[in-house]
Amino acid sequence: MGETEMSTLDQMTPGTSCRISSLSARDKLGQRLLDMGVYPGLEIKVIRNAPLNDPMEVELDGYCVNLRHSEARLVMVDSL
Amino acid sequence: MSEKRRLVALAGQPNCGKSTVFNGLTGASQHVANYPGVTVDKMSGSYRFKGQKVEVVDLPGTYSLTSYSPEERVARDFILHEHPSVVVNVMDASNLKRSLYLTFQLLEMNVPLVVNLNMMDVAEEAGMRINVDALSGILGVPVVLTTMKKKQGREELFETIDTFSEQEKHDTAVRLDYKEMEPFFREIQDILETETSLETDYPLRWVAIKLMEGDEEIYDIIGRHHADAAGFLADVDSMRQSFEERFGVAPEIHIARCRYRLADEIFAASVAVEGQGKVPLTEKIDRIVCHKILGPIVLVGIIWLLYYLSIVQGYNLTNYTWPLLAKIRSLTEAITPAPGFIDIPLIRSFSLWFVDSVNALLNYVPIFFILFGLIAVLEDSGYMARMAFIMDRLLNQFGLHGQSTLPMVLGGVYVGGCAVPGVMACKGIPDERSRFATILTIPMLNCLAKVPLYVLLINIYFAEHKGWAMLFISTISILLVLPVAKILTLTVLKGKETAPFVMEMPAYHMPTIRGVLGRAVERVWLFLKKITTIVAAVAVILFVLLQFPGLGPEREAHYEAQKTTAIDAFQKAIENTSFAGALSGDQVMPFIIYWEDFASAKMAAGRGKGDDLKTQFEQRNPIFFQVVSRQGAEGKTAFNAAKKLVQTRKMLLMEMRKERIDNSFLGRAGKFMEPMTQWAGFNWRVNVALLSALAAKESSVATLGALYDQGEEGAQTLEERMGSQEAGFTPLHALALMLFMVLYPPCLATAIAVKLQTGSAKWMLFSMGYPMALGLGVAVLIFTGGSALGLSGLQAMFAFYGLALTFTVAMGFVRDREQVSTRFPGKACWEKK
């Protein structure tokens, strides 16, 4: 709240990179994101959206993960 | 027995090559079971090393060891409660950094750990040089490098496991420093130490970490071990909250971040990477395979190939395997008591029925073998994840999952699948609710066995619009599956666990022939073991239901009289020939059997091989041979008389069979149901056919065949017989029947598969009950509704199609409640299960 450049991962366009600032997901989804390597401080690159636009594929430190936009919406990022 | 049980558990993240390591260690001695209570595969096997037997259990692949998914719970409980002598942590060496995340959690559980860096060839190709000593030194556990695919490093792994399980004490060097959180752990540990006896069963530091993480199951464990659990857990909650307030980060995020940071440090200290910068091959492939336009085209192509190779080519293969099964049948014919003129010994008819039922299933084995092999290729190569990626949006709209694609393809999205492998393939869907929705709707797809009934009815009642009718029937099922899946999701499955769709997109791998074949063999074997026994049992039950109570004494006497008449007529016709003596009295039956053997041998041999056959049969009985080969004028006379006799016998047998079915328990059930099913346009004959299809759908046409048989010259096809005998039957009747077949309950083999995959008989019964109700509803709608509106069959077809399409689209727009939890910490309100 208050920050100007704050956006969520689902808004990022393919080809762009950003840094994760925080997660607003808790419990099962939050833990799943953490276990898959989505944690605050990490740089993340959006590779592509699926043919029907959802889900999206992102690259985290050398490996690729798919997630739905509804889940990416809970990942706060700062664009780089 | 042996002095000490040696148990090795393999733990690792998905796609790390763990099953290759498992195969490499155990060779052929494996078996699959389910973990009690859940449908997670339990693979176990064993090997001998230095005379010692070692049991190996392949734990499910997991990224982490929380309690949020059944796989993770299973893996964690096994490590905690089964006390393996060694846990081998298998890692994809090329993905070392990320794999350490799981390693740290294993270390925290204080288990005797051996790290196995597998797929070294891939890592080396990517330019990674790993300093094993450094890595082993930091982690404080042995590290073994392998390329299991080529069996490299296998001996060393055996050796390390052996020496390591000899050791009594294991002290691990690395201890993850959680920095600001350490005081919190210490406080929790102190309380646990003084107030509980958890220490004997659980490493306390691990419990403390899990508590700070907010792990669901640890809360339960505390509930069982702490006198004042509620008070203690409330304290833990306030500690979690105060940590978050003081350091501005949720405890579980802090814990994960500490692990990833340490992984970074260890990676930097033990691995050197050279030659970066080029686009990896996987990304090059994905630019096509996941492309907006090309991606779906590739997907359709691959699905087509899957159909083509398994269904089409697999069917061709059954041409070679069927004679084998036919041999079993003829062997059964040979060893069971010979048939009488009209009285077939019960043991004979039962044995043949039984063999036929089992054969019908075994006939699918080549198809399944190819299918399972191809699925293994899709899984191992990494394409499965791409399939889910492309399809998820569409399927998710209906409560299904990206990974429902493959099961649906196998079940027969367009035409000609099989629900059994379809349901079995649902195993991989991580989201329980979507998995159940997929399992429950797959039987509505177009399995191969439904096709004969469609073809039969379309040929009679939609002969002028065959193309339309086929298109309708091939595509209507998906328009029923999607909305039904959505409705199930919103109703009976509402309470099922869901899982977030966060999936790794693994790098492509070349599948190994051994891995693929091994998996195909293993799954076919599993299928045979579990399914065949059930089908056999059901065959017995159905036989009884169709056979008994049988014919009354006066009907028996009636047929007996007909038999005498026929034989008398035969003997009268040949009394003036030289065959009169040879074909008299008790020689009649052996002659009929000879006649039939000759006819079927001629049929089987086809043209050309006739000469062999003739000598063979001439040797068997020269006199009979003169008759069957019409030798001389007397031979011709005898032949014609015999032909008539054989036909009369056939007709009598068919009439008796028909009457027996009419009179059977199943026949009575069919009649009993008629007042209800008449609204759907089904008469009792149709009911009997549908009931008999419960075991296997192809039975429906076979039973109809028996019921509509008048035993005429056999020149009329079933289409003609049914068309002429059911004068009141209209295309509307046929349409109602076809749609009922679309929604028909799963066959018994599928029902068993449903039970295996859902882990409960209750869901199996549900999977059989709801389609029956739905099918009847739709059939009534078509028949009664269509009749009331005065629609023709074709009009009703289009009307229903439009209705289904509209309904599907509408259901796609129904929003599911958002499942994502953004709840603020504070677990005092924890819901106990």
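**Exercise 1.** Is Lys614(B) buried, exposed or partly exposed?

*Solution.* Start with the ground rules. This is a predicted model, where local features need pLDDT of at least 70, side-chain atom pairs need pLDDT 80 or more, and totals for chains, interfaces and linings use all residues. Residues are numbered from 1 along each chain as written, chains are lettered from A and ligands numbered from 1 in written order, and side-chain values use heavy atoms, without hydrogens and water.

Next, the cut-offs: buried means under 20% relative accessible area, exposed over 50%, partly exposed in between (1.4 Å probe, protein chains only). Lys614(B) has 43% relative accessibility, so Lys614(B) is partly exposed.

Now place Lys614(B): helix α25 (residues 610-620) of chain B holds this residue. Helices (H or I, at least four residues) and strands (E, at least two) are DSSP runs, numbered from the N terminus.

**Exercise 2.** Where does Met119(B) lie?

*Solution.* Find strand β6 (113-118) and helix α4 (120-125) in chain B; Met119(B) sits in the loop between them. Check the backbone: phi of Met119(B) is near 55°, a positive value in a residue other than glycine. Most residues other than glycine have a negative phi. Then check the cover: Met119(B) has a relative accessible area of 12%, so Met119(B) is buried.

**Exercise 3.** Which peptide bond in chain B is cis, with omega near 0°?

*Solution.* Go to Phe548(B) and Pro549(B): the bond from the former to the latter is cis. Most peptide bonds are trans. Pro549(B) belongs to the loop between α22 (513-547) and α23 (553-573).
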